Amino acid sequence: SDQPFDVVVFDEIFVNDVPHLAIIDDYIRHHPNTICLATGDHFQNAPISRYPYPREYFQYVMERLFPHVLCLHVCKRVRDPVQAARLRLILDELKQCSSNKEAYAVLLRHFEAFDKLADMYQADVSPTNVTYFNDTRDIVNNYYSGGRP
């Protein structure tokens, strides 16, 4: 059969740039009997691309590829109702930001930030952290799992 799959799921679709979406479009058009689904978060960072496209164009391409959308509004990873409400508040505030500077200000209102790991070691902070680099993540996780300096 020329239909190798009944269903194809493109996970984390928003990490793909427009040229990669063209490849996905080609697959979908050449497999009309295959159910094609996509998952992803449209609020994540734009894909890294040699060809930057305006977000509106990117959204247009996505809507053309996947015209039916199911939007989930509850983060199932956060089980504590207080923390879930806090997450929704932060997300709502971030959606209103029109610049990275505004988004950074929102994050600083809700989280304590450290420029140096030494500052974190001196603070009384939660073991729930966000880090920019994986190496930093490993150091922070090690610190909170008992490997303190």
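Helix α1, residues 18-30, packs with helix α2, residues 55-65, at an angle of about 15°, and their axes lie 11 Å apart. Angles under 35 degrees count as roughly parallel, so α1 is roughly parallel to α2. The crossing of the two is left-handed. This is a predicted model, so please take these as computed values.

Who makes the contact? On the α1 side there are V18, L21, D25 and I28. On the α2 side there are Y57, F58, V61, M62, R64 and L65. Sorted by class, the contact of α1 with α2 has 8 nonpolar residues, 2 charged ones and no polar ones.

Next, the core. The largest nonpolar core has 13 residues, and those touching the most other members are F10, I13, L21, I24, F58, M62 and F66. Which elements give two or more residues to this core? They are β1, residues 7-10, together with α1 and α2. The largest share comes from α2, with 4 residues. In general terms, nonpolar side chains tend to be buried together in soluble globular proteins.

Setting aside neighbours within four places in sequence, F58 is in contact with F14, N16, D17, V18, L21 and P47.

Finally, the whole chain. There are 6 helices and 2 strands, and from the N terminus on the elements run β-α-β-α-α-α-α-α. The chain has 149 residues, of which 19% count as buried. Taking contacts between residues at least 6 apart in sequence, 58% join residues at least 24 apart.

Note on methods:
Residues are numbered from 1 along each chain as its sequence is written. This is a predicted model: local features need pLDDT of at least 70, side-chain atom pairs count only at pLDDT 80 or more; totals for chains, interfaces and linings use all residues. Side-chain values use heavy atoms; hydrogens and water are left out. Axes are lines fitted to C-alpha atoms, for helices over the stretch in contact, and angles run from 0 to 180 degrees between N-to-C directions. Angles under 35 degrees count as roughly parallel, over 145 as roughly antiparallel, 65 to 115 as roughly perpendicular and the rest as oblique. A crossing is left-handed if the near helix is turned anticlockwise from the far one by less than a right angle, and right-handed if clockwise. Contact means heavy atoms within 4.5 Å. Ala, Val, Leu, Ile, Met, Phe, Trp, Tyr, Cys and Pro count as nonpolar, Asp, Glu, Lys and Arg as charged, and the others, Gly among them, as polar. A nonpolar core is a set of buried Ala, Val, Leu, Ile, Met, Phe, Trp, Tyr and Cys residues joined through side-chain atoms within 4.5 Å. Buried means under 20% relative accessible area, exposed over 50%, partly exposed in between (1.4 Å probe, protein chains only).
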